[in-house]
Structure formats: C-alpha cells, structure tokens
Amino acid sequence: MAGIYIHVPFCEKRCSYCSFYSTIHGKKERDAYVHSLIAEMQHRQTKDTIQTVYLGGGTPSQLDTEELEQCFEALHRIFRIAPDAEYTFEANPDDITLEKARHLVQLGINRVSLGVQSFNDTQLITINRRHTAQQARAAIDNVHEAGIKNLSIDLMFGLPQQSLEDWQWELEQAFSLDIQHLSAYALTYEEGTPLYYDRARGKVEECDEDTSLAMFRFLSDRAQIAGFEQYEIANFAKTGFRSRHNSNYWKGLSYLGFGPGAHSYDGHSIRRFNEHKLRAYNAASTLKAPFADVPHQIETLTTDERYDEMILTRLRTREGVNLEELDDKRKSYLLRTAQPFLERELLIITSDQRLQLTHAGIFVSDDIMSELMWP
Ligand code: SF4
C-alpha cells in the first residue's frame, strides 16, 4: 500500500472559488469526526507498509492539539508505517503559529503544504481567503523555526484583474523564500461558487485566456531559473523534494483514503468513494449496532477506463506514459492518435519507450489528452 490520505472536512470560512466539500464546524462536530475517522481506519486496516501519509482538506490545521494527537495515535496503532515515511500536512497560514508548527514536528510531520494562494492582500480579499500575506510569511518562518525542512506553498494565477506583471511579482515573492516545492493552479470559475456568480453579475473581471497562458509560460520558465523542476504540469520541486504521496498517485499506485469524501484505489481497478456529507459519515460510528463501515460506493474500472486514467494522470508527469505497460491494441491506438502531436514536437517518445509532453506540449496538454482518450 503506497499511501494513506486523510480528509479533514473543516474550514473556518469558505473561499469564494472553492467547490470542494467542507463545512464550518465546532468542537462537537470535530470530536464526532475524529471518532468516526478512527473507527473507519480500524475497520479498513491493512498489513501493508505505508510509505506516505497525507492530511488534506478542507483544512487539517483546524484540528486542535488533542484531536491531532488522537488521529496520530490511531494511525500508528493501526498501521505499519515505514520509518522514512513522508507525512504531509496541509495548512492555512493563519493557523500556523510557532506553537502549532512545533506540535506538528512532535507528531512526526515532515512536510507542510501551505495554502498561500497570493502575496497580495487585495487579491486575498477578492477570493475570500481568511489570511493576509503577512500571515503567510509568518507561517513560513514558523515552519522553518520548528525544524520542518520540506515546505510547499500553493499559489493561484489568473485571479480577477491580475496582470502578467502582478503574477511575475507574486513569483518573485515566492522564489525569494526558502521553499522546496510550489503548486500553482489557474483559477477556475466553478459553477455554484460565489466567484462564479460574481463574474456573472460583472462584479469581478476574469483574466483573459491569453494572459493566463502567458502567466503559465512565465511560471514554467521562472521556476526553472529558480532551480525548480516542473515534474508535473502544476507542480515544481527542488531536487529531492517532489511530493512522494502525489507522485505515487500519478503513478497509479494504491492508497487508502479516510474521511468524508475521501477516495481510495487498490492500484489495479477498484476505486472507493466515501460519502462526502459529514453528518452521514459520522452517523455510521454512532449507531448502536457494531460499526460496519462508513457509507461509500465502489467502482470497478474497465480496461478502457484504466487506459484513460493513465493518460490523464501519467501524461501530466515528467516521466509520462510507459508504452511497455500497454497491451498491443492500446499501444497502437495511442501511437496513432499521438502521431500529429509527435510531428508538431508537442509529444516525444524517449529511448526507454515513454511518451512525454515536451515543454511546448505542457501548454496545450488538455487538448492533447482529450485527443488521446479511448474512443
Ligand atoms: S480553505 Fe481550502 S477547502 Fe476550505 S474553502 Fe478554502 S479552498 Fe476550499
């Protein structure tokens, strides 16, 4: 088993662009969640050695000291975790006091992923983030002072009214800091989010497509100059600091997902989707009857669906798709559909039979991937 993912579904305030499920909470909801989470981990234990543990959300940093200790005590009691495992903790900057950062170290967390999003306070207000740029810088200092040497930050580009020069300034701020990893995503206007309606009412102006593409190109070039490898379309790392957890996910390895809305994958063909509503998730462990499992659905992927997933995940990575892993039928289909992109040097085939995006191909990867999907 490659990894464990724990979904923490709490947010103190909703960001205006976010379509993920999370809920505003109190101590009572968090206690019930921790109780259910531990019951689920106990019920679905495995004897496999775990290589990576990832707490994501939502906002894991909303859990208090006692709740985090309960989760980690259960993790270590129930699972065999490799001594050199990667433990990633997603956090909102304003939660990361020096005391909190030191507590994370005590729990064994060795990688922190901070949701910075922007170093511009006006932009942070526009997207309804609850922290300031100053709090983000303070959180980065606190993580370092506590002794965590593997720090990732998230940034967003294509924010409302953001110019290319604004984005260039954001990246200068980021690369002047002692960070080892950067995840950078273009803002999307998901239907149903407050930002989606703000755009419809003309309250925010969307960044145009050409500017957004120019931002992405600048990001790719500037990250390279700063010594960061673009090892996945939206992810950049200094040598030795790739996210091991996410890399295993892109390689199609197995993982167990716990918590409301968490997904699991057996590394072959079975996917599991936990019920995402907290109330229903918690209810399973409070019934008088013995705990059976949290509500979930199982999906068995067909060979064609597995092929599509391989295109969607592995082609995003620097290593690309290993052609040797495909059966003759799918390999010949892939080579045929890839041919126009090979001719335009948007894709290449390496000497060890890997189909990879070229640097130019990265910027049109969505178009390429949709052409390569199984018919
Ligand atoms: S903190 Fe993260 S999960 Fe919560 S609303 Fe904001 S983007 Fe969504």
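Across the interface of domain 1 and domain 2, the rule for salt bridges finds 0 of them, and in this predicted model the search for polar contacts there finds 1 residue pair, with both residues at pLDDT 80 or more. The contact itself draws on 7 residues from domain 1 and 6 residues from domain 2.

How can such an interface be described by a single number? The size of an interface is often given as the accessible area lost when the parts come together. Domain 1 and domain 2 bury about 530 Å² between them, and 72% of that area is on carbon and sulfur atoms. On the side of domain 1, Phe216, Arg217 and Ile233 lose the most area to domain 2, and together they account for 59% of what that side buries. Helix H8, which runs through residues 209-225, gives the most to the side of domain 1 that touches domain 2, contributing 5 residues. Sorted by class, that side of domain 1 has 3 nonpolar, 2 polar and 2 charged residues.

Although the interface has 0 salt bridges by this rule, a search of the whole structure finds 26. One of them joins the side chains of Arg30 and Asp64, with a distance of 3.6 Å from N to O. Arg30 lies in helix H1 (residues 27-43) while Asp64 lies in the loop between E2 and H2, so this pair ties together parts that are 34 residues apart in sequence.

Since Glu40 lies in helix H1 and Arg272 in strand E11 (residues 270-274), the pair ties together parts that are 232 residues apart in sequence. Glu40 and Arg272 are both buried.

A further salt bridge, with an N to O distance of 3.3 Å, joins the side chains of Arg318 and Glu229. Arg318 is placed in the loop between H11 and strand E13 (321-322) and Glu229 in strand E7 (residues 229-232), so parts that are 89 residues apart in sequence are tied together. Arg318 counts as partly exposed at 45% relative accessibility, and Glu229 also counts as partly exposed, at 27%.

Most residues other than glycine have a negative phi, and most peptide bonds are trans. Where does this chain depart from that pattern? A cis peptide bond joins Gly57 and Gly58, with omega at about 20 degrees, and Gly58 is placed in the loop between strand E2 (49-57) and helix H2 (65-78). Asn128, which is not a glycine, has a positive phi near 60 degrees; its place is in the loop between helix H4 (121-126) and helix H5 (133-146), and at 29% relative accessibility it counts as partly exposed. Glu345 likewise has a positive phi of about 60 degrees without being a glycine. Glu345 sits in the loop between helix H12 (328-343) and strand E14 (347-349), and its relative accessible area of 60% makes it exposed.

Two buried residues complete the walk through the model. Ser152 is found in strand E5 (residues 151-157), and it counts as buried because its relative accessibility is 1%. Leaving aside residues up to four places away in sequence, Ser152 touches Arg111, Val112, Ser113, Leu114, His181, Leu182 and Ser183. Met310 is found in helix H11 (residues 303-314) and is buried, with a relative accessible area of 11%. With the same exclusion of residues up to four places away in sequence, Met310 touches Leu315, Val321, Glu325 and Leu326. The C-alpha atoms of Met310 and Met373 are separated by 9.6 Å, although the two residues stand 63 residues apart along the chain.

Conventions:
Residues numbered from 1 in each chain as written. Predicted model: local features only at pLDDT ≥ 70, side-chain atom pairs only at ≥ 80, totals over all residues. Heavy atoms only, no water. Contact = heavy atoms within 4.5 Å. Buried area = accessible area lost by both parts, 1.4 Å probe. Salt bridge = Lys/Arg side-chain N within 4 Å of Asp/Glu carboxyl O. Polar contact = N/O pair within 3.5 Å; in protein donor to acceptor, adjacent residues only side chain to side chain. Helix = DSSP H or I, 4+ residues; strand = E, 2+ residues; numbered from the N terminus. Nonpolar A, V, L, I, M, F, W, Y, C, P; charged D, E, K, R; others polar. Buried < 20%, exposed > 50% of the residue type's maximum accessible area, 1.4 Å probe, protein only.
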